[in-house]
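Reader: I would like to go through this model with you. Shall we take it piece by piece?

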Amino acid sequence: MVQSLNTQVDFITDATAFTGLTDYGKIMIGDKGFEFYNSRDSRKFVQIPWEEVDYVIASVMFKGKWIPRYAIQTKKNGTFTFSSKQPKKVLKEMQEYVAPDHMVQSLGFFDVIKRAFRSIGKKKG
């Protein structure tokens with residue numbers, strides 16, 4: 001059985017983790033870290049201490065009406081992407097433990113295209 005990092009739990013919700021294949025389970029936000037536990041396989045879990053979190057990157061659509069997914073970029077272990085039933089509430093709970101300047105919005109589709117065209121122009125010049 002997996003031992004939780006947290007001593008106090010602030011929020012729990014149903015979620016999906018995009019680690020290779022999609023894993024369905026629960027997200028738990030607590031005083032020591034962010035945790036995801038798979039609902040079917042107890043060996044599949046993600047535990048990220050708050051000290052390890054570098055950035056929280058949210059994909060925002062329709063001026064904040066819909067947040068389909070968000071990612072947690074760690075200092076050493078890469079980026080973990082999640083989606084949940086209540087993403088706004090999850091991000092609000094994370095705001096207690098992650099500095100607001102480390103919670104950013106991801107680039108949109110057209111922003112990526114604009115960057116691609118700008119980089120092509122810079123390479124030729």
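Reader: Is W66 buried, partly exposed or exposed?
Author: First, the basis: this is a predicted model, where local features need pLDDT of at least 70 and side-chain atom pairs count only at pLDDT 80 or more, while totals for chains, interfaces and linings use all residues. Residues are numbered from 1 along each chain as its sequence is written, and side-chain values use heavy atoms, with hydrogens and water left out. Buried means under 20% relative accessible area and exposed over 50%, with partly exposed in between (1.4 Å probe, protein chains only). W66 has 46% relative accessibility, so W66 counts as partly exposed.

Reader: Which residues does W66 contact, leaving aside its neighbours within four places in sequence?
Author: W66 lies in strand β6. Strands (E, at least two residues) and helices (H or I, at least four) are DSSP runs, numbered from the N terminus. Contact means heavy atoms within 4.5 Å. With those sequence neighbours left aside, the partners of W66 are S59, V60 and M61.

Reader: In what order do the strands of the sheet run?
Author: Strands pair if DSSP finds at least two bridges between them. The sheet is open, has 8 strands and shows mixed pairing. Its edge strands, β4 (45-49) and β8 (103-105), each pair on one side only. The order is β4-β3-β2-β1-β7-β6-β5-β8.

Reader: Which residue in β3 stands opposite I29?
Author: Strand β2 (residues 21-30) and strand β3 (residues 33-38) pair over 5 bridges, in the antiparallel sense. Opposite I29 stands F34.

Reader: What angle does the direction of helix α1 make with that of β6?
Author: Helix α1 (residues 87-94) packs on the sheet, and β6 (66-74) is among the strands it touches. Axes are lines fitted to C-alpha atoms, for helices over the stretch in contact, and angles run from 0 to 180 degrees between N-to-C directions. The angle is about 35 degrees.

Reader: Which residues make the nonpolar surface patch of about 590 Å²?
Author: Patch residues have over 30% relative accessible area and no salt bridge; like charges are joined within 9 Å, nonpolar side chains (Val, Leu, Ile, Met, Phe, Trp, Tyr) within 5 Å. A salt bridge is a side-chain nitrogen of Lys or Arg within 4 Å of a carboxyl oxygen of Asp or Glu. Areas come from the Shrake-Rupley method with a 1.4 Å probe; for residues, only the protein chains shown count as cover. The patch is made by F109, F110, I113, F117 and I120.
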